[in-house]
Amino acid sequence: MEEASLSSFTTTTPWNRWRHHLRLKTTLCAELSGAVGDLGTYIPIVLALTLVSHLDLSTTLIFTSLYNFATGLLFGIPMPVQPMKSIAAVAISESPHLTLPQIAAAGLSTAAVLLLLGATGLMSFLYRFIPLPVVRGVQLSQGLAFAFSAIKYIRFEQDLAASKSGSSRPWLGLDGLIVALSALLFLILTTGSGDHADQTQHPVDLLPLSQSRLRRRLKILSSIPAALIVFLFGLVLCFIRDTSIFGDLKFGPSKIQVLKITWEDWKIGFLRGAIPQIPLSILNSVIAVCKLSGDLFPDREASARTVSISVGIMNFVGCWFGAMPVCHGAGGLAGQYRFGGRSGASVVFLGIGKLVLALVFGNSFVIILNQFPIGILGVLLLFAGIELAMASKDMNTKEESFVMLVCAAVSLTGSSSALGFGCGIVLFLVLKLRQMEFSTSGFGSPKLKSESAIADATTSLIP
């Protein structure tokens, strides 16, 4: 008995739990490929903030690498670390641009709200009682928004600093349509629609010869680290597009300094940055990502409380030093899963890559990123967006689909997940109210009867 309890204690120690979370659930190549699955959103936002708001790239890479290590150990799934998109959009596109202290203040304000909601259990309460069709509507709108942005990246020249699309992308050139479409075709041939050959229920030996050959071929194709190859190909093109990069690179990280945030910075950061970011973080960075984690990893569903607290702690650690405000995004999780990430090791590999780049190149790495083919980033983002949108395929009734599509349509049209979420909740309640019939009995206390119950009772009376 004593030995059993000792064994139970040993298996639940943090070290053993971390080892389990970092254990590869698939091949090393697949985990490495999944590691770069969310860079289609990460790189454009980080690059734009660096160019417009003078974000310290070295500091951001160092802190986000530490976040990647922590989330890989904590969650055991490829939980992404992504920029807070609403804050980034305000900082880049609105005039006057937000300063770095104001961006940090916006991130810290958002983090404080999420930390409070997580610590008090309110986030878990919201997660349990929000209707699934509404969550699916938020995921669908976010996935389609990513896909729309991806098509723009592929089709048009992009001015990331101004967040604007330019003229049509030329067919030829190192960032032309042919390069982007070739990357797209390569990813489709290797990864298909996202299904994996190892998920087939029947062994190869028991299948007919033609099917066994097909499965072997698909298994070989799916073992290729496609996204990693495409990303490395993009890095090679950076140096070919501008050979002067070699002379401009400076080695070593920048000095990490504490930001001075004034009261005016807090006020502007909260009003312009945090207020639009808070509902987006609650919906997409916590509720949607937890639901998606349960869909993709039923045995490892992330807790809404843990994810909310994680976002709060990450930003309270890094924002004081000028690191970019970050969160966990459903789109990033979908992208990393789409390209092979299945364990916490996937994001740990990404963290190692970020840390090496920060320590070796420092802020001069922005010179390389500035030459990265935007069309290739668009291709990676397209797959991430489609994978996230496909999470909504489990709506089984017309009523559920109706709520989901209205929620998604309002979110996309109004460019606000919070607005779509509110409309989805109201529509869901109205539909439920429609299915009830109020009658009074006794002293006028209301009784609720569903239409289905009445229909069943009526049917039973028919001879």
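Author: Happy to! A residue counts as buried under 20% relative accessible area, as exposed over 50%, and as partly exposed in between, using a 1.4 Å probe and protein chains only. This is a predicted model, where local features need pLDDT of at least 70 and side-chain atom pairs count only at pLDDT 80 or more, while totals for chains, interfaces and linings use all residues. Residues are numbered from 1 along each chain as its sequence is written, and side-chain values use heavy atoms, leaving out hydrogens and water.

A salt bridge here is a side-chain nitrogen of Lys or Arg within 4 Å of a carboxyl oxygen of Asp or Glu. The whole structure has nine salt bridges. Let's look closely at Arg 136, which is linked with Asp 295 and Asp 394 in a network of salt bridges.

With Asp 295, the closest N and O atoms of Arg 136 are 2.7 Å apart. Arg 136 sits in helix H9 (residues 132-155) and Asp 295 in helix H14 (residues 263-296), so this pair ties together parts 159 residues apart in sequence. Helices are DSSP runs of H or I with at least four residues, numbered from the N terminus.

The side chain of Arg 136 also meets that of Asp 394 in a salt bridge of 2.7 Å, N to O. Asp 394 lies in the loop between helix H19 (374-389) and helix H20 (398-414), 258 residues from Arg 136.

As for accessibility, Arg 136 is buried, at 0%. Asp 295 is partly exposed because its relative accessible area is 31%, and Asp 394 is partly exposed at 30%.

Technical notes: Helix = DSSP H or I, 4+ residues; strand = E, 2+ residues; numbered from the N terminus.
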